[in-house]
Amino acid sequence: MVMGQVTEKSLLGLQLPELASLVEEFGQPSYRARQLFDALYRQRVQSSEQISTLPQDFRQSLSAKGISVGLPSIEKKFVSSDGTVRYLVACADGQSVETVWMPEGDGGELGDGSEAGDQAETAGRTWERAAICVSSQVGCAVDCQFCLTALLGIKRNLTAGEIVGQVCAVLNDQGVSLPLHRVNLVFMGMGEPFLNYDNFMKAVHLLVEGVGITESRMTVSTAGIVPALYDFGLEPVRPKIAISLNASNDDLRTRLMPINRKWNLEKLMAAAREFPLRNREKLTFEYVLLEGVNDSAENAREVVELVRGLRAKLNLIALNPGPGIDFRTPAQERVLQFQNILRAAGVPAFVRRPRGRDIFAACGQLKRTVELVS
Ligand code: SAH
């Protein structure tokens with residue numbers, strides 16, 4: 001937004017060296033950069049007025065120059081019966097994305113033997129751990145046939161600040177304080193993170209170094225952008241990787257995910273085989289089960305062949321339905337049959353419990369769906 005000579009500028013998204021040049025421009029001592037960094041990412045302040053470590057005149061000159069924190073605002077919030085919260089998060093230009101909060105173990109729902117003293121409390125609810133599902137783009141260009149986000153098309157990339165900002169806004173809303181060792185991040189919201197690679201990786205660094213979430217608590221999911229997969233493997237600091245497989249052969253995959261024309265299963269699986277896994281790390285493959293399309297015993301056996309020899313696990317997701325999506329959700333027996341074939345062949349396979357389907361917060365249902373549920 002341009003107002004005369006003054007350009008609206010966000011602090012959120014800036015790394016320490018960028019903040020250092022900024023404070024220098026304002027004639028401030030260099031230690032102010034660290035103060036800004038901590039205020040933005042550790043304290044997660046909403047406005048520069050709240051940065052009490054900074055002198056009043058510096059705060060004022062920041063606002064006078066149109067420089068603000070740039071924390072995205074929460075426009076709407078939907079709460080599911082399972083505790084999941086879907087946030088509609090608004091960016092400065094009026095675009096919005098969705099971010100999902102998924103608490104686990106609320107009210108003992110998990111029953112995994114964790115001690116009560118190990119629970120965190122937000123807004124009167126307790127949870128043992130939680131995951132935030134983060135968006136990387138407004139809309140998506142990949143056009144997977146079973147995903148609601150695809151229907152939006154691609155509007156634009158999110159900036160690093162907008163990616164980090166979703167996490168800060170949700171943590172603030174949930175009243176989560178430091179340390180954040182029970183919070184996981186999944187980059188599985190709207191968009192294809194690997195088609196916004198630089199901003200996504202910049203956000204990862206800010207989340208690790210600033211917000212304080214370790215990279216081993218983060219997972220990024222890709223539809224299979226093969227060149228980015230090779231780059232990603234070389235990153236010294238990176239989340240774990242999940243690959244959306246969703247089909248057991250090329251014909252089927254091309255039908256479901258047109259991106260398979262560009263990077264087919266041979267190229268994708270070659271990249272997966274060459275991916276430099278860390279100690280004890282596994283590749284995750286996601287597989288959305290569509291009734292009568294990709295959920296047969298034969299499909300399961302083809303998947304076994306595809307992943308043979310890989311240190312990998314499969315996450316099976318029964319389709320989350322949505323308006324405009326021409327597929328059906330398979331019955332539970334069908335899902336279990338698929339899982340059993342994988343397991344019998346020695347491939348670890350897990351059925352993902354859908355989260356927040358009643359509020360359209362589940363995988364593939366994010367579409368700025370104010371009109372669907374309000
Ligand atoms: N673009 C990235 C991340 C977003 S999708 C990717 O493709 O991986 C996150 C996961 O949700 C993917 O594994 C995708 O296959 C799955 N998904 C998409 N639509 C879905 C739907 N309608 N039901 C269940 N899972 C879906």
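This is a predicted model: local features need pLDDT of at least 70, side-chain atom pairs count only at pLDDT 80 or more; totals for chains, interfaces and linings use all residues.
I begin with the ligand. Which residues come nearest to the ligand? Of the 18 residues around it, these are F146, S221, S244, N246 and N320. By class, the shell around the ligand consists of eight nonpolar, eight polar and two charged residues. Two strands deserve mention here: β14, residues 218–222, and β16, residues 283–289, each supply at least two residues of that shell.

Let me turn to individual atoms. On the backbone side, an N or O atom of G191 lies 3.0 Å from a nitrogen atom of the ligand. A polar backbone atom of T222 is 3.5 Å from an oxygen atom of the ligand. From a side chain, E286 places a polar atom 3.1 Å from a ligand oxygen. How much of the ligand does the protein bury? Taken alone, the ligand exposes 540 Å², and the protein buries 95% of that area.

I now move to the helices. Helix α6 spans residues 226–233 and helix α8 spans residues 265–274. Their axes come within 10 Å and cross at roughly 5 degrees. Angles under 35 degrees count as roughly parallel, and α6 and α8 are therefore roughly parallel to each other. Which residues make the contact? On the α6 side they are V226, L229 and Y230, and these meet K267, L268, A270, A271 and E274 in α8. The contact of α6 with α8 has six nonpolar residues, two charged ones and no polar ones.

Finally, I would draw your attention to two points in the backbone. The peptide bond joining L178 and P179 is cis, with omega at about 0 degrees. P179 itself is found in the loop between α4, residues 160–174, and β13, residues 183–187. R280 belongs to the loop between α8 and β16.

Thank you for your attention.

Notes. Residues are numbered from 1 along each chain as its sequence is written. Side-chain values use heavy atoms; hydrogens and water are left out. A residue is near a molecule or strand if one of its heavy atoms lies within 4 Å of it. A polar contact is a pair of N or O atoms within 3.5 Å; within protein, one must be able to donate a hydrogen and the other to accept it, and residues adjacent in sequence count only if both atoms are side-chain atoms. Accessible areas come from the Shrake-Rupley method with a 1.4 Å probe; for residues, only the protein chains shown count as cover. Helices (H or I, at least four residues) and strands (E, at least two) are DSSP runs, numbered from the N terminus. Ala, Val, Leu, Ile, Met, Phe, Trp, Tyr, Cys and Pro count as nonpolar, Asp, Glu, Lys and Arg as charged, and the others, Gly among them, as polar. Axes are lines fitted to C-alpha atoms, for helices over the stretch in contact, and angles run from 0 to 180 degrees between N-to-C directions. Angles under 35 degrees count as roughly parallel, over 145 as roughly antiparallel, 65 to 115 as roughly perpendicular and the rest as oblique. Contact means heavy atoms within 4.5 Å.
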